[in-house]
Amino acid sequence: MAELGSKGVTAGKIASNVQKKLTRAQEKVLQKLGKADETKDEQFEQCVQNFNKQLSEGTRLQKDLRTYLASVKAMHEASKKLTECLQEVYEPDWPGRDDTNKIAENNDLLWTDFHQKLVDQALLTMDTYLGQFPDIKSRIAKRGRKLVDYDSARHHFEALQTAKKKDETKIAKAEEELVKAQKVFEEMNVDLQEELPSLWNSRVGFYVNTFQSIAGLEENFHKEMSKLNQNLHDVLLGLDKQYSGNAFPVKAQPSGSTPAKANKSPSPPPDGSPITSPETKTVNHELEASTLEAPGASIPKSPSQPAEAARAGAEAAGSEAAAGAEASKTEADSGSSTLPAVVVETFPATVNGTVEGGASSERADMPPGFLFKVQAMHDYTATDTDELQLKAGDVVLVIPFENPEEQDEGWLMGVKESDWIQHKELDQCRGVFPENFTERVQ
């Protein structure tokens with residue numbers, strides 16, 4: 001019996017809500033056609049415009065702040081990789097190794113502290129500031145509905161009073177409904193008339209505190225980071241001084257037009273042939289340059305040709321031939337330092353078909369018109385029968401409005417995932433909820 005009674009109450013409530021919606025719709029149509037007057041409050045409408053502007057600005061600031069935090073985190077990761085690279089290439093016997101390790105550790109801690117303080121002093125404050133808007137927006141919308149109810153009750157009462165056949169019973173009941181509707185509307189109206197101007201004025205202090213916090217955190221962060229960079233510069237400067245008389249791999253290598261250093265190790269040829277010692281290469285280059293540049297000298301055709309003929313040709317070349325040989329030697333030595341090109345292969349990314357298939361099958365179990373999933377980040381208490389009651393952690397399946405014109409800015413239509421899995425019914429489970437209380441998860 002209790003279950004039947006419960007169902008009866010639910011059915012009666014649904015019928016009452018349907019009747020309210022029909023009455024409001026009829027009243028709005030009459031007002032648009034000019035057949036019924038509408039209660040206006042220009043001062044309140046201005047407050048609503050300010051509220052919407054403040055909400056839009058706050059939402060944008062929250063979005064940009066999250067983007068900024070994501071960039072800080074990305075820079076932290078990039079800086080960490082860079083310092084890790086320095087630690088790997090810094091050889092154990094180089095002076096300042098312990099200092100570079102300490103600098104890398106402090107660098108990581110500094111980035112982590114900066115990111116966390118931005119979250120605590122800016123993002124969480126931003127979330128708290130915006131957390132008050134959904135409730136007030138819901139009350140503004142509800143005030144609008146109660147105003148329509150009040151106008152409808154007023155017009156109904158006036159119509160009964162001016163009717164040719166007056167029914168005192170109906171008139172008394174209509175008057176009672178009018179007084180009740182007026183009381184509900186005025187209570188909501190008075191509260192909002194006080195809260196909206198106060199909320200609008202609070203934006204100045206909030207913006208000042210938020211940007212002062214961000215600026216102060218950035219200033220301290222860059223001061224501490226500057227100290228670390230100066231310490232690293234000093235360590236590397238000491239390393240450079242100790243190795244300034246020798247070839248140092250960290251420094252840029254000489255270009256093709258600059259003579260190579262004498263102690264530079266030769267690179268293996270691309271064809272894998274053995275490396276020739278510096279002394280042998282010098283003799284060979286002088287012989288080749290002498291025989292090629294000397295006027296009238298003949299180039300040996302075979303190994304059996306007497307060495308005296310080659311030497312005679314070289315001696316006849318004189319000082320001019322010797323200079324040419326020296327130039328050829330320099331060019332040959334410079335050319336021998338060329339490194340083979342390194343070929344890098346890239347592999348195209350692949351798409352996991354199984355995952356895509358799984359997503360498609362999952363959508364088949366969703367309600368008609370399913371758009372995406374969101375998860376409640378805060379509790380939300382429904383203030384009307386067409387709203388969803390949410391607890392932090394609830395997953396909601398978002399679906400489109402049957403009539404897009406009924407969707408208010410910042411509100412979504414959906415059904416709790418738990419209700420959908422249990423009932424597979426939209427009519428009894430769906431409702432609207434404030435988007436700002438949730439976060440998209442799929």
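User: By class, which residues line the second largest pocket?
Analyst: This is a predicted model, where local features need pLDDT of at least 70, side-chain atom pairs count only at pLDDT 80 or more, and totals for chains, interfaces and linings use all residues. A pocket here is an open set of points on a 1 Å grid where a 1.4 Å probe fits, with protein on both sides within 12 Å along at least five of seven lines, and lining residues have an atom within 4 Å of a point. The lining has 9 nonpolar, 9 polar and 9 charged residues.

User: Which residues lie nearest the centre of the second largest pocket?
Analyst: Counting from 1 along each chain, this pocket has 27 lining residues. Nearest its centre are T59, Q62, E435, N436 and T438.

User: Which element gives the largest share of that lining?
Analyst: Several elements give two or more residues, including α3 (97-131), β1 (372-376) and α2 (42-89). With 8 residues, the largest share comes from α2.

User: What does F51 touch?
Analyst: Residues up to four places away in sequence are not counted. F51 touches F133, I136, K137, I140, L196 and L199.

Methods
Side-chain values use heavy atoms; hydrogens and water are left out. Helices (H or I, at least four residues) and strands (E, at least two) are DSSP runs, numbered from the N terminus. Ala, Val, Leu, Ile, Met, Phe, Trp, Tyr, Cys and Pro count as nonpolar, Asp, Glu, Lys and Arg as charged, and the others, Gly among them, as polar. Contact means heavy atoms within 4.5 Å.
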